[in-house]
Amino acid sequence: MAGHSEVLLRPKTTEEVSHILRYCNERNLAVCPQGGNTGLVGGSVPVFDEVILSTSLMNQVLTFDSISGILTCQAGCVLESLSQYVEEKDFIMPLDLGAKGSCHIGGNVATNAGGLRLLRYGSLRGTVLGLEVVLADGRVLNCLATLRKDNTGYDLKQLFIGSEGTLGVITAVSILCPRKPKAVNVAFLGCSSFQHLLETFQCCRGMLGEILSAFEFLDASCMKLVETHLKLTNPIRECDFYILIETAGSNATHDEEKLHNFLEEVMTSSLVTDGTVATEAAKIKALWSLRERVTEALTHDGYTYKYDISLPVEKIYDLVKDMRGHLGDMAKNVVGYGHVGDGNLHLNITSPSKDPALLAAIEPYVYEWTAEWKGSISAEHGLGLKKRNYIYYSKPSEAVALMGNIKAMLDPKGILNPYKTLPDQLH
């Protein structure tokens, strides 16, 4: 999505952000907060000539407690840089994303990003302990706590996690980092049906338990795309579905024994038709690239319509099959991949070029289908500009109205990210 602005401001401190927002608020100047600009729904794109407020220079680690594992940093720190910083201290970040080389931690929090480790470590609503936020009128809200427990009044930071820059600008984050696992294994497996994949997931949760850190899937169409466009190699024989399972624990012998027993169970019961296991860093990276680079492969396949859906786990792939039947020959490819452990499907539809007729066939069908099964139209990408008017498919009107009241209270002039996240009638 293309945007336009005549002014880009890059503050280095919270005080500078405060001065900028106070100035803009007094003059009714709209502001578009921007982090790594890796979002997929237009939340950080200036479309009304807003002043861009970039956090790219707010990239300092403030403190790290090596006993508790609590990291406090400015919002403009790149996720991959933070990962490298804490790994040197024998910890890891609780989230991992394909865009980790560009995305900012402040943007991750503002969009409540999910990613590849949510199954093991939970969402940012649990791992973020505190925030510093500058409100629309320039007031600084310092809730930068480093406590695991604090039950004094309302937990205000939760208002800003997932608010997409519409209620305030996050300037600093304190986040709880888990210890770096001593043993990591990755298994890449093939299944002949999605039902077998689901049964493998059930078995996996039961047999791997506390060491399971990721359970990802991609379909045969995704594999074909990464092979064709990125020249990656499928390490196992051709299957209808592929699973990537990661374990992370503190005892290599214990973890390998549990993984071996699990693999023996799913292979002998014919749930899995083929597979390979990696324990070395280079091989682990190669297997992960098959899943993480699907998005990159799609960019080479044409114009892509992207949907980030939450559904009951057993319904995830039904949407892909129904969409293929619904669109017929209108689409070049309809593919599905995502986070099985989180019930999160990434549905992607490609065509040779942008096609209004294809879009009209996809929407609102995809949202109606999702609503019918009580899913969410945005599992982890947010609503931004593109999906704001579809919020009613996932939230009742009373809840949306209350969101509008909160927006009006914290940003009465509506200068922060106008026409983002909330539907048009609330702006």
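The second largest pocket in this predicted model has a volume of about 930 Å³, and the closest to its centre of its 27 lining residues are Asp96, Lys100, Arg117, Ile284 and Trp288. A pocket here is an open set of points on a 1 Å grid over the protein atoms alone, with protein on both sides within 12 Å along at least five of seven lines, and lining residues have an atom within 4 Å of a point. Volumes are the space filled by probe spheres set on the points, which are joined across faces, edges and corners.

As for the ground rules, residues are numbered from 1 along each chain as its sequence is written, and side-chain values use heavy atoms, with hydrogens and water left out. Since this is a predicted model, local features need pLDDT of at least 70 and side-chain atom pairs count only at pLDDT 80 or more, while totals for chains, interfaces and linings use all residues.

**Pockets**
- H10 gives the most to the lining of the second largest pocket, with six residues; helices (H or I, at least four residues) and strands (E, at least two) are DSSP runs numbered from the N terminus.
- By class, that lining splits into eleven nonpolar, five polar and eleven charged residues; Ala, Val, Leu, Ile, Met, Phe, Trp, Tyr, Cys and Pro count as nonpolar, Asp, Glu, Lys and Arg as charged, and the others, Gly among them, as polar.
- The largest pocket comes in at about 1100 Å³, and of its 49 lining residues Thr38, Gly39, Leu40, Leu97 and Ala99 lie nearest its centre.
- H3 gives the most to the lining of the largest pocket, with four residues, and that lining divides into 16 nonpolar, 26 polar and seven charged.

**Helix H10**
- H10 covers residues 281–292 and reaches 16 Å from its first C-alpha to its last, close to the 16 Å expected at 1.5 Å a residue (1.5 Å times one less than the number of residues).
- Ile284, Leu287, Trp288, Ser289, Leu290 and Arg291 are buried in H10 (buried is under 20% relative accessible area, exposed over 50%, partly exposed in between, with a 1.4 Å probe and protein chains only).

**Cavities**
- The structure holds two cavities of 30 Å³ or more, a cavity being a set of grid points where a 1.4 Å probe fits but cannot get out.
- About 40 Å³ of space lies in the largest cavity, whose lining includes Pro94, Leu95, Arg117 and Leu124.
- The second largest cavity holds about 30 Å³, and strand E10 (residues 212–219) gives the most to its lining, with four residues.

**Cores and Asn108**
- The largest nonpolar core has 49 residues, of which Ile245, Phe262, Leu347 and Ile349 touch the most other members; a core is a set of buried Ala, Val, Leu, Ile, Met, Phe, Trp, Tyr and Cys residues joined through side-chain atoms within 4.5 Å.
- Helix H7 (residues 194–208) gives the most to this core, with seven residues.
- Asn108 sits in helix H3 (residues 105–110) and counts as buried because its relative accessibility is 3%.
- Not counting residues up to four places away in sequence, Asn108 touches Leu79, Leu95, Leu97, Cys103, Ala113 and Leu124 (contact means heavy atoms within 4.5 Å).
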